[in-house]
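Visitor: I have a chain open in the viewer. Please show me how to read its features one by one.

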Amino acid sequence: MKNRQIAELFERLADALELKGESVFRVNAYRKAGRVLRDLTSDIEVLHSEGKLKEIPGIGEGISKKIDEYLTTGKMSKYVEATEGIGEELLDLLGVQGLGPKTLALAHDKLGVMNLEDLKKVIGDGALARLPGMGEKRIENIVKGIDLFEKAKGRMPLGKAVPIAREIVEAIKSEKGLKEISPAGSLRRMAETVGDIDILAAGARRLGIVKSFTQLPFVTDVLASGDTKGSVMIDGETQVDLRVVKRAAYGAALQYFTGSKSHNVKLRTMARAKGLRLSEYGIFKGAKKIAGAKEEDVYGALGLSWIPPELREDRGEVEAAQSGKLPALVEEVDILGDLHVHSSYSDGSSSIAELAAAAKKLGLKYIAICDHSKYAKYAGGIDEKALARQAKEIDELNERLRGFRVLKGIEVDILRDGSLDFTDHILEKLDIVVASIHSGFRQNVTQRMMRAMRNPHVDVISHPTGRLISRREGYEVDIQAVIKTAAETGTALEINAYYDRLDLNDLNAKKAKEMGVKMSIGTDSHGVETLWFLSLGVGVARRGWLEGKDLLNSLDADDLLRRNK
DNA sequence: GCCGTTTTCGGCCCGACTGTTTTCAGTCG
């Protein structure tokens, strides 16, 4: 799959052209093409060979020719031409807050700035300040931007942002005058990583609401505080913004601050075509406001049904809403159990009884204990004897439990030759077999997974790509081929909900669904405190357009066992 | 460069803020 590398090429091309002062519309066209290619689940090379490039939205005559050139010759002359005399390092500087394309181009043209070093130098010696339109404040602002750029802690995983947002909402929701409050932004969309945490509130006494927010005990720094917005740092590393609006604009503001940007642009374009204007204050016909208090009304005014936040990425959700074809997305209440949990038998920290009690408290009906198998020594993998002991303990526990059931499972290693770490004789006695790769990430991963899927006792392939969010790329695996085999063998693919995995991700889950593959959410918990990650998994599933019926977890325990026979 | 229930040409999202300016350009979200 060359999708990502071509997407990157167009994104870089857009940056380079922007720096050269090319028409913003052309720049945006390239940028959009980049985004669409990044999101594409089909293989660009296949579409190319079938002559279907122009069927991709945002790809027309010019861009399809450039893709063709790149795929046939290995280079794109437009890119080479546009980036001549411009290095990667210069383009990277567009990421500095307060330094936009115009200013950067000026610094490049007049002062020969090529990278961060140069930029710091021309600030230090006052050369930048002497350029037209530059003043003391702007320089100061750029210096701040450089500071942030260098720290660049980047985005935090969703699993870290969610508890912070919940805690803040909990802490201020009973504030006097507050009528509505909700997380917004990428967190509300359940994107896998989150930049700043955005929270939106509505009500009277707005100043007081902001004040109670900036005075929360875990706030370490107040960046801004007014009667419509407060901005703070939590624990010195996480920025949280609270905006407070009037109730009459809450829906429009929530829609606006939830994004995504491309989803919003699409809606505004639609509004314009209908002679309307959409902003964070509402939908207007001339000077008359026709919607704004509720999100449903904003979408309604555009002739759309309400679109769940997780879908708002301009991946076809607006068209689906227009034709009444939005999926009935899976909800947390549809999820009856967690299908991948570790106990203290292997490297977990909680006993099976503790896990069962905690899961029951979360409203679940069952959990599957899937400890590591013996090959995974580093993770305290268990052998056949320990597995038998565990089975006995689970039987005894199930005798006592009411309205809850513990399933006997295993996370069995797929070995280097594609065989499994336990014999079929052992596996067939279990309620659920989850198979995964923990070694040889570059050795025939696709073939090994396929072999595992053809074993009739294997029910689920765990974390199928092996990626760790912002830490590890993942296995060398042909995920398309894995999905295809899963469809043939009826094996489920896991949406591993552990916060730094989320694997399958949203796009792969969507692809798998389209190919008729069932999925299984498992938290991969190693203790009771991470069982809540199930909601992260539901987030991924919803972002992948999944409905309850696409997930094994929506089956009750008896139906699940029948399926796994 | 893309695209079409205003269009095959002429548009292309919206508003706030800031700083450097006498009316607006640049940047951001």
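**Reading a predicted chain**

Guide: Start with helix H20 (residues 445–454): seven of its ten residues are buried, so H20 is largely enclosed by the rest of the structure. Buried means under 20% relative accessible area, exposed over 50%, and partly exposed in between (1.4 Å probe, protein chains only). Helices (H or I, at least four residues) and strands (E, at least two) are DSSP runs, numbered from the N terminus.

Visitor: What are the buried residues of H20?

Guide: They are Val445, Thr446, Arg448, Met449, Met450, Ala452 and Met453. Their cover includes strand E15 (460–461) and helix H21 (479–489).

Visitor: What should I know about the model itself?

Guide: This is a predicted model: local features need pLDDT of at least 70, side-chain atom pairs count only at pLDDT 80 or more, and totals for chains, interfaces and linings use all residues. Residues are numbered from 1 along each chain as its sequence is written, chains are lettered from A and ligands numbered from 1 in the order in which they are written, and side-chain values use heavy atoms, with hydrogens and water left out.

Visitor: How many helices and strands does chain A have?

Guide: Chain A has 24 helices and 17 strands. Its radius of gyration is 26 Å, close to the 24 Å that the globule rule gives for 565 residues, so chain A is as compact as a globular protein of that length. The radius is taken over C-alpha atoms; the rule is 2.2 Å times the number of residues to the power 0.38. Along the principal axes, the C-alpha trace spans about 80 × 65 × 50 Å. Of the 565 residues, 54% count as buried.

Visitor: How do I read the domains?

Guide: Domain bounds come from an automatic or database domain assignment. Here it gives domain 1 (2–152), domain 2 (156–245), domain 3 (250–322) and domain 4 (332–564). Take one pair: the C-alpha centres of domain 2 and domain 3 lie 23 Å apart. Contact means heavy atoms within 4.5 Å. By that test, 15 residues of domain 2 are in contact with 13 residues of domain 3.

Visitor: Is helix H13 largely enclosed or open?

Guide: Largely enclosed by the rest of the structure, because eight of the nine residues of H13 (residues 250–258) are buried. Among them are Tyr250, Leu254 and Phe257. Gly259 follows H13, with a positive phi near 70 degrees. A cis peptide bond then joins Gly259 and Ser260, with omega about -5 degrees. Ser260 sits in the loop between H13 and helix H14 (261–273).

Visitor: Where else is a peptide bond cis?

Guide: From Asp503 to Leu504, with omega near 5 degrees. Leu504 is in the loop between strand E16 (492–496) and helix H22 (506–514).

Visitor: Which residue has a positive phi although it is not a glycine?

Guide: Asp314 is one, at about 55 degrees. Asp314 lies in the loop between helix H15 (295–301) and helix H16 (317–322). Its relative accessible area is 14%, so Asp314 is buried. Trp545 is also not a glycine and has a positive phi of about 65 degrees. Its loop runs between helix H23 (534–543) and helix H24 (557–564). Trp545 counts as buried at 13% relative accessibility.

Visitor: Is Asp421 buried or exposed?

Guide: Buried, at 8% relative accessibility. Asp421 is in the loop between strand E13 (405–413) and helix H19 (424–427). Not counting residues up to four places away in sequence, Asp421 touches several others, including Lys374, Tyr375 and Asp413.
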